[in-house]
Amino acid sequence: TEHGFSQQLERDAVLAQEGLNGIHESLAWKCVRNEDQLRVHYRKQGSMHSLRFAASYECDCTLLLSLVREFDLMSDWNKYTPHTAVLDSPSLLETAFYSEVWLPWPYHNRRITMAAQGLDLIEEKGCLVALLSPMSDEALQLPPSADKCVACALGAGSCLKLSPEETGGTAATLVMHIDPAMPHGVPSALMNLVFRVMTPWVHRRMQQLILELNQHGGTSVSYTHLTLPTKRIVEISVGAV
C-alpha cells in the first residue's frame, strides 16, 4: 500500500543517515595506513574489529556499482577471496553476498554472509549508499567449501558510500564491523598482514581493473579479452531505479 511504501522510505532514510553518521564518526578512529590514495582507519571494541577503507577511483559510480553487483566474480581477480557468490538478488539494489577470506596457516579461512541494500541519495546527499547487514546461514545454500571456514559476524552500521567527484572519479568509503571469531584475540602479525599486504594489494588490483575497463569502453558487457579474468559487467543507470 501507499502507506506501507511511505513507511519503508522513512525507515530507509533513517538507516541511511545512521550509516552516513557512522562513516563520518569513523574518521576519529586510529589511522593505520595513508598512502597510494588509500586511507585505512581502525578501532577495536570488545570482540568487534571496525575497519574504515577510503579511496578515490578514476571511474564513475556506475562502474563501481557494477563491480559490487558482480561480487561472485571477485574470486577471479582477488587472490585473497578464494570463493565468492551472489546468493540472492531480489532487485537491482538488493543483493545477498557470500565471501571467503584467505588466512595463512595455521588459521582457517574466514567466511561472511551479508545482505546489501542500495539507496540512491544522489539528489539528497550527493552519494549512493549500500547498507550492509548480517544474514543467517540457515536459510541459504552455501558452497561446500563453507564447512572448512570459520564464520565471522558482521556488526550493525556496516556501510558503503560512493560519492561522485568533480573530476569524474568516485570517492569510495567502506566501513565494516567484524567479529573474526578469534576468542584469544587477533595476533599483531595477522593485523599487519591485513593492513600492510592484503588491503593495499586489493586496492592496487581494483585500480588496475578499473584502468583496463576504462581503456575498453567502461561498462561493456563483453570484455573477456582483458588481461584480468573478469567475465561480464552489469550496466546500471544511477537515478533510473
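Predicted model: local features only at pLDDT ≥ 70, side-chain atom pairs only at ≥ 80, totals over all residues.
Residues are numbered from 1 along each chain as its sequence is written. Local features need pLDDT of at least 70 and side-chain atom pairs count only at pLDDT 80 or more, while totals for chains, interfaces and linings use all residues; side-chain values use heavy atoms, without hydrogens and water.

The second largest pocket has a volume of about 280 Å³. Here a pocket is an open set of points on a 1 Å grid over the protein atoms alone, where a 1.4 Å probe fits, with protein on both sides within 12 Å along at least five of seven lines; lining residues have an atom within 4 Å of a point. Volume is the space filled by probe spheres set on the points, which are joined across faces, edges and corners. Of the 17 lining residues, Leu-15, Gln-117, Leu-131, Leu-132 and Ser-133 lie nearest the centre of this pocket. Eight lining residues are nonpolar, six polar and three charged.

Two packed helices are described by the angle between their axes and the distance between the axes. Helices H2 (residues 61–69) and H5 (residues 188–215) have axes that come within 12 Å and cross at roughly 115°. The axes are lines fitted to C-alpha atoms over the stretch in contact, with angles from 0 to 180 degrees between N-to-C directions. Leu-63, Leu-64 and Leu-67 of H2 meet Met-206, Leu-209, Ile-210, Leu-213 and Asn-214 of H5, contact meaning heavy atoms within 4.5 Å.

Four aromatic pairs are found in the whole structure. Rings pair if their centres lie within 6.5 Å, and planes under 30 degrees apart count as stacked, over 60 as edge-to-face and the rest as tilted. The ring centres of Phe-71 and Phe-97 are 4.6 Å apart and their planes at 40°, so this pair is tilted.

Now for the backbone. Trp-105 and Pro-106 are joined by a cis peptide bond, with omega about 15°. Asp-36, a residue other than glycine, has a positive phi near 55°.

Notes:
Nonpolar A, V, L, I, M, F, W, Y, C, P; charged D, E, K, R; others polar. Helix = DSSP H or I, 4+ residues; strand = E, 2+ residues; numbered from the N terminus. Phe/Tyr/Trp six-rings, centres within 6.5 Å; stacked < 30°, edge-to-face > 60°.
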